[in-house]
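Subject: Structure for you to look at

Hello,

I am handing over the structure below, and my notes on it follow. Please read them with the structure open.

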Amino acid sequence: MRQPLRWASAFLALFSLLSALPRGHAQSDSDRQQAREAFIAASQAADEERWADALEGFERAYRLSGVPTALYNVAMVLRALGRHRDARDAFRRLLDGHPEYDAREQAQALLEEEAARVAVLELVGLDPQADYELRLDGRLVESERGRRRELETDAGRHTLVADREGYRTFTWEGAVRDGERRRIEVVMEQLQLEPERRPLRKSAAFWIVTGVVLAGAAALSGVLLHRRAQLEGETDNVLVIP
Amino acid sequence: MTHRLWTLSLLSMTACNQVAVLEGELVLPPRPAEVGEMWVSVQAMPSTTPLEDTWAGAALEPVALTDEPLPYRFSLETEHPDRDLHVKVRFCLNRGCDFLPADLSQSADPQAEVWFSLDHPFYLMKKDPEPTRWTAEIRTVPRCAPCSAGNCAEGRCNPERQECQLESGACVLETTPEGCEAVTDRERPTWRCEVDRCSIAGCIAGTPADYCDTLPDGTRVHLCEL
């Protein structure tokens, strides 16, 4: 998604805004200078579709300056990366945090567009009274007891792992599309609780088995030694007859 | 997998070494007075090997005769206990008994032999309560009967060697033990002795008259065959 005009106009807007901002917003001239440099570098990276660099630069510029255009660009980069859930949240932060932002209508439209592209994994079959540990793509997901378990994610392949004490781990792997709502039935097998074990050496079965094995070994050794004795001559003067 | 290997190991230990052993003891005669040294070589082969042949190898440790009767013990092993056994006892003037002159009649080393044919001396796993054992005594070294002035009861006296000789050229043996016979078609003095299976000790404690039993049908079987 190339939007060079957007980055350029945003740069101009940022430059003018930074100039007009009250001194208290940006902590220092140094911060303003660093924010400006970060914004310029991020815009350049976005033009070249180096989205990771662009994201980092716009986030830094927003942290240093608080300029809503920087946050807008953060959301746009996330959108370009296909991180629709994060893009939606960024637009939401923009609208909630900057009521003065002059492109609110555009931001709102993009927010709704991104929200519609967020995929949802709906977990059913979970005990509302039980605690679960849920991991989506390896990351721990907050899951409070009693709440309906819905996990937002983006399009693509995902892995969901659910753990519950006393149950076998449940794993789901699959792909979802933009805006898809996938119902996942979580069926977990309860582990069989092993009976309390007596220490092995205190077990009668242990000693019985050990005794039988030793007796068998002794008998076998005796037989083998006996057979061996049978096979050996009494003298060292031995001749093998062909 | 592990227990299979263990089982195979046990099988190899128990099944692959089916060796039968015969303990032998020969009481050898005193060294003849006329020789300074005499050695004995004992050879053994399956009965499929003719006694008349010259056997290469198959010899036990040689032993030198002494002034007294000498017990000579040995052990014979085989994986073919069903075979009968031939044993040769050769008396020689050198340790290896490897001096074999072309004309024995002209040799100072007649290399007398005693042949034994043992009937079924081996039994598998038959060592309790006693090992299978064969014992024989050779009281004298076989030798030709000396003669003087034509006093040979059979044959004739060879004046050159002063020995009684048969028409075949073989000498008349001075003595022949009971149970043996003289081999008269050989130049070297030789006895041939048959050893019945019932004289092979084994499978019973003590010293019975023999080591066979008679089945109801009159068949004689060795105690190790019961």
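Strand β6 (residues 113-118) of chain B is largely enclosed by the rest of the structure, because six of its six residues are buried. Buried means under 20% relative accessible area, exposed means over 50% and partly exposed lies in between, with a 1.4 Å probe and protein chains only. Strands are DSSP runs of E with at least two residues, helices are runs of H or I with at least four, and both are numbered from the N terminus.

This is a predicted model, in which local features need pLDDT of at least 70 and side-chain atom pairs count only at pLDDT 80 or more, while totals for chains, interfaces and linings use all residues. Residues are numbered from 1 along each chain as its sequence is written, chains are lettered from A and ligands numbered from 1 in the order in which they are written, and side-chain values use heavy atoms, with hydrogens and water left out.

Back to the strand. In a regular strand the side chains alternate between the two faces of the sheet. In β6(B) both faces are covered: B:Glu113, B:Trp115 and B:Ser117 are buried on one side, and B:Val114, B:Phe116 and B:Leu118 on the other.

β6(B) has pairing partners, where two strands pair if DSSP finds at least two bridges between them. Strand β5 (residues 85-92) of chain B runs antiparallel to β6(B) and is joined to it by six bridges. B:Lys88 has B:Trp115 in β6(B) as its bridge partner. Strand β11 (residues 190-195) of chain B pairs with β6(B) in the parallel sense, over six bridges, and there B:Cys193 stands opposite B:Phe116.

B:Lys88 also lies over the face of B:Trp55, 4.6 Å from the ring centre. The rule for this is that NZ of Lys or CZ of Arg is within 6 Å of the ring centre and within 35 degrees of the ring normal.

Next, the aromatic rings. Rings of Phe, Tyr and Trp (its six-membered ring) pair if their centres lie within 6.5 Å; planes under 30 degrees apart count as stacked, over 60 as edge-to-face and the rest as tilted. There are six such pairs over all chains. A:Tyr72 and A:Phe91 form an edge-to-face pair, because their ring centres are 6.0 Å apart and their planes are at 70°. A:Tyr72 is in helix α4 (residues 68-81) of chain A and A:Phe91 in helix α5 (residues 84-97) of chain A, 19 residues apart. Both A:Tyr72 and A:Phe91 are buried. The pair of B:Tyr72 and B:Phe74 is tilted, because the centres are 5.9 Å apart and the planes at 40°. B:Tyr72 is buried at a relative accessible area of 6%, and B:Phe74 at 1%.

Last, the disulfides (pairs of cysteine sulfur atoms within 2.5 Å).

- B:Cys147 and B:Cys157 are joined with S to S at 1.7 Å. The torsion about the S-S bond is about 70°, so this disulfide is right-handed.
- B:Cys198 and B:Cys212 have their sulfur atoms 1.9 Å apart. The torsion is about -95°, so this disulfide is left-handed.
- B:Cys203 and B:Cys224 have their sulfur atoms 1.9 Å apart. The torsion is about 105°, so this disulfide is right-handed.

Regards
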